[in-house]
Amino acid sequence: PIGRRRLREGSANVADLNVVVHNLERWFAVIGVAEQRAPSLQMLSYALTGKVFDSESQRWHEKGDRKSEQKRDQEERGDASMALAPADRKKIETAVQLDLRLYAAAVSLFERQLAAFLALTSAPKVRLT
């Protein structure tokens, strides 16, 4: 069905985006984002196992995040000749407009899931006798 529709209507459009955004929560138990790798992995671990990463695992991921940030900073300061012309930048932004909107929706869902996860896992445990 989607293949035929693509032939009729062309590439992805706003209607496709709306369907995906509407179904993100149904289709994905956990949304993770690269910028928040450690909490993303914690939520995924909890969803799969019911357990939260131990502090040693957390430290390893935080160390990895710092290294990634340093590498990103070096790449961003890289060769100035790689800078895009304003017209080229505008073409790219137009081409990825739907992707950016989907990413914003995913980040919003991630933030809601993270708040719920933190509230759930940091609540005092009650022992039933």
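Visitor: Let's start with V107: is V107 buried or exposed?
Guide: Keeping in mind that this is a predicted model, V107 counts as buried because its relative accessible area is 19%, and the cut-off for buried is under 20%.

Visitor: Where is V107 found, and what is the separation between its C-alpha atom and that of G32?
Guide: V107 is found in helix α6, and although V107 and G32 are 75 residues apart along the chain, their C-alpha atoms are separated by 8.1 Å.

Visitor: Which other residues of α6 are buried?
Guide: Along with V107, the buried residues of α6 are A106, L109, F110, Q113, L114 and F117.

Visitor: And what covers them?
Guide: The cover over the buried residues of α6 includes α2, which runs over 14-27, and α3.

Visitor: How do α3 and α6 sit against each other?
Guide: Two packed helices are described by the angle between their axes and by the distance between those axes. Here the axes of α3 (residues 37-49) and α6 (residues 97-122) come within 11 Å and cross at roughly 65°, and the crossing in which α3 passes α6 is left-handed.

Visitor: Which residues make that contact?
Guide: From α3 the contact uses P39, S40, Q42, M43 and Y46, while α6 brings F110, Q113, L114, F117, L120 and T121. Sorted by class, the contact has seven nonpolar residues, four polar ones and no charged ones.

Visitor: S40 is on that list, so why does S40 count as buried?
Guide: S40, which lies in helix α3, counts as buried because its relative accessibility is 9%, where the cut-off is under 20%. If you leave aside its neighbours within four places in sequence, S40 is in contact with V30, G32, V33 and F110.

Visitor: Back to α6, what should its 26 residues span?
Guide: At 1.5 Å a residue, the 26 residues of α6 should span 38 Å, and the end C-alpha atoms of α6 are 37 Å apart, which agrees.

Visitor: Zooming out, how many helices and strands are there?
Guide: The secondary structure of the protein comes to six helices and zero strands, and of its 129 residues, 18% count as buried.

Key
Residues are numbered from 1 along each chain as its sequence is written. This is a predicted model: local features need pLDDT of at least 70, side-chain atom pairs count only at pLDDT 80 or more; totals for chains, interfaces and linings use all residues. Side-chain values use heavy atoms; hydrogens and water are left out. Axes are lines fitted to C-alpha atoms, for helices over the stretch in contact, and angles run from 0 to 180 degrees between N-to-C directions. Helices (H or I, at least four residues) and strands (E, at least two) are DSSP runs, numbered from the N terminus. A crossing is left-handed if the near helix is turned anticlockwise from the far one by less than a right angle, and right-handed if clockwise. Contact means heavy atoms within 4.5 Å. Ala, Val, Leu, Ile, Met, Phe, Trp, Tyr, Cys and Pro count as nonpolar, Asp, Glu, Lys and Arg as charged, and the others, Gly among them, as polar. Buried means under 20% relative accessible area, exposed over 50%, partly exposed in between (1.4 Å probe, protein chains only). The expected span of a helix is 1.5 Å times one less than its number of residues.
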